[in-house]
Amino acid sequence: MSTRIAPGVIEIDTLLGGWERVTAGYLIEGPAPVLVETGSQSSVPATLAALEALGVGPADLAGIAVTHIHLDHAGGVGDLARVFPRATIYVHQKGARHLADPARLVASAATVYGDLLDTLYGRLDPTPQERIHVLEDGEEVVIGPGRALTTIDSPGHAKHHLALHDSESGLLFAGDAVGVRLPDAGVLWPATPPADFDLELACRSIGRFRDRRPAG
């Protein structure tokens with residue numbers, strides 16, 4: 001299921017574990033379209049079906065960006081990299097090595113989720129090193145004339161976290177840096193995963209977001 005939430009921005013429900021309105025990816029349209037967030041590996045069929053319905057074919061996607069490498073946001077990267085061979089994979093410097101060699105990341109997740117890992121998230125397939133582009137703070141991912149996503153280094157939720165600010169819509173794709181809002185709860189909850197969470201850095205990152213005055 002996909003919904004246009006701003007000019008040139010389409011939200012894709014990535015259906016984590018089959019649940020609706022829990023995780024999402026965002027297609028930024030333009031001459032060089034970019035998908036922000038893939039969802040988990042278990043979400044790949046839903047993500048691909050939504051992109052196909054939107055007319056995005058294997059040769060069309062220019063980039064795939066993830067705000068951080070937790071499996072609910074980036075677990076589908078390896079799978080989607082295979083489907084979209086021209087797409088550059090954008091990630092924080094501290095997360096890049098885990099996309100190329102995800103063994104430690106997956107093993108860590110398995111200690112937390114146990115037998116639920118495969119049914120809820122899936123795993124994370126490796127992404128070829130040459131496909132990965134490390135984003136620096138303040139770097140721009142150009143979508144087209146007058147439109148770019150600006151990177152904001154935003155640790156706190158995780159040390160490998162970055163946000164992306166769309167110059168045209170004003171939307172800020174903040175991953176989990178501000179918190180999570182589940183549809184049935186109606187409350188924004190802090191996202192504080194052990195052992196990476198750092199409250200001081202998280203507050204500092206929110207301040208950086210505020211300074212950019214995003215539209216949403």
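A: **Charged pairs and their surroundings**

Arg-208 and Asp-137 form a salt bridge, with their closest N and O atoms 3.1 Å apart (a Lys or Arg side-chain nitrogen within 4 Å of an Asp or Glu carboxyl oxygen). This pair links distant parts of the chain, 71 residues apart: Arg-208 sits in helix α7 (residues 199-212), while Asp-137 is in the loop between β7 (132-135) and β8. Helices (H or I, at least four residues) and strands (E, at least two) are DSSP runs counted from the N terminus.

You are looking at a predicted model, where local features need pLDDT of at least 70 and side-chain atom pairs pLDDT 80 or more, while totals for chains, interfaces and linings use all residues. Numbering starts from 1 along each chain as written, and side-chain values use heavy atoms, without hydrogens or water.

How open are the two partners? Arg-208 counts as partly exposed because its relative accessibility is 35%, and Asp-137 is partly exposed too, at 43% (buried is under 20%, exposed over 50%, partly exposed in between, with a 1.4 Å probe and protein chains only).

Another salt bridge joins Arg-147 to Glu-168, where the closest N and O atoms are 3.5 Å apart. Here too, distant parts of the chain are linked: Arg-147 belongs to strand β9, and Glu-168 to the loop between β10 (162-166) and β11 (172-173), 21 residues apart. Arg-147 is buried, with a relative accessible area of 6%, whereas Glu-168 is partly exposed at 47%.

There is also a network: salt bridges that share partners join Asp-79, Arg-82 and Asp-125. Within it, the side chains of Arg-82 and Asp-79 meet at 3.1 Å, N to O. Both lie in helix α3 (residues 77-83), three residues apart, which is about one turn of the helix. Arg-82 counts as exposed because its relative accessibility is 53%, while Asp-79 is buried at 14%. The count of salt bridges comes to eight.

Let us return to Arg-147 and its strand. Strands β8 (residues 140-144) and β9 (residues 147-153) pair in the antiparallel sense over four bridges; pairing requires at least two DSSP bridges between strands. Arg-147 is the bridge partner of Gly-144. The two strands form a hairpin with two residues between them, and Gly-146 in the turn has a positive phi of about 80°.

Seven strands make an open sheet in the order β1-β2-β3-β4-β5-β6-β7, with mixed pairing. Its edge strands are β1 (2-6) and β7, each pairing on one side only. From one strand to the next, the twist averages 25°. Inside this sheet, β2 (residues 9-13) and β3 (residues 24-28) run antiparallel, joined by five bridges. Val-9 has Ile-28 in β3 as its bridge partner.

Helix α1 (residues 44-53) packs on the sheet, touching β2, β3 and β4 (34-36), and its direction makes about 145° with that of β2. Helix α4 (residues 93-100) packs there as well, touching β6 (88-92) and β7, at about 130° to the direction of β6. Contact means heavy atoms within 4.5 Å; axes are lines fitted to C-alpha atoms, for helices over the stretch in contact, with angles from 0 to 180 degrees between N-to-C directions.
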